[in-house]
Amino acid sequence: MWPLVGLAFGVALGFAGAFGGFGAFFIVLLLGAFGFLVGRAIEGELDLRQLFSMNVGKRPR
């Protein structure tokens, strides 16, 4: 399934780059990455608390 998802994403990026230019290519790339992270968070494979924690510079105990 994942190769098919990657193929679809690549085709979407290709169409955006061909017909919309660099701006459209970048928007599709950014939204695709955001959707990937949201999907991983919904499935429970990504802990958003680790990404947005304010413990910068502190060592975990």
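**View 1. Ala12 is partly exposed, with 33% relative accessibility.** Buried here means under 20% relative accessible area, exposed means over 50%, and partly exposed lies in between (1.4 Å probe, protein chains only). The model is a predicted one, in which local features need pLDDT of at least 70 and side-chain atom pairs count only at pLDDT 80 or more, while totals for chains, interfaces and linings use all residues. Residues are numbered from 1 along each chain as its sequence is written, and side-chain values use heavy atoms, leaving out hydrogens and water. Ala12 belongs to helix H1; helices (H or I, at least four residues) and strands (E, at least two) are DSSP runs, numbered from the N terminus. From Ala12 to Phe25 the C-alpha to C-alpha distance is 8.6 Å, at a sequence separation of 13 residues.

**View 2. Phe15 and Phe19 form a stacked aromatic pair.** A search of the whole structure returns three aromatic pairs. Rings of Phe, Tyr and Trp (its six-membered ring) pair if their centres lie within 6.5 Å; planes under 30 degrees apart count as stacked, over 60 as edge-to-face and the rest as tilted. For Phe15 and Phe19 the centres are 5.8 Å apart, with 15 degrees between the planes. The two residues are separated by about one helical turn because they are four residues apart in helix H1. Both Phe15 and Phe19 are exposed.

**View 3. Phe22 and Phe26 are stacked, because their ring centres are 6.3 Å apart and their planes are at 25 degrees.** Both lie in helix H1, four residues apart, about one turn of the helix. Phe22 has a relative accessible area of 64% and is therefore exposed, whereas Phe26, with 45%, is partly exposed. Together with Phe25, Phe22 and Phe26 make up one aromatic cluster.

**View 4. Leu4, Leu7, Val11, Phe15 and Phe19 form a nonpolar surface patch.** Their accessible area together is about 580 Å². Areas come from the Shrake-Rupley method with a 1.4 Å probe; for residues, only the protein chains shown count as cover. Patch members have over 30% relative accessible area and no salt bridge; like charges are joined within 9 Å, nonpolar side chains (Val, Leu, Ile, Met, Phe, Trp, Tyr) within 5 Å. A salt bridge is a side-chain nitrogen of Lys or Arg within 4 Å of a carboxyl oxygen of Asp or Glu. Phe19 sits in helix H1, residues 2–43, and its 68% relative accessibility is why this residue counts as exposed.

**View 5. The chain has two helices and zero strands.** Of its 61 residues, 3% count as buried. The chain exposes about 5,600 Å², of which carbon and sulfur atoms supply 72%.
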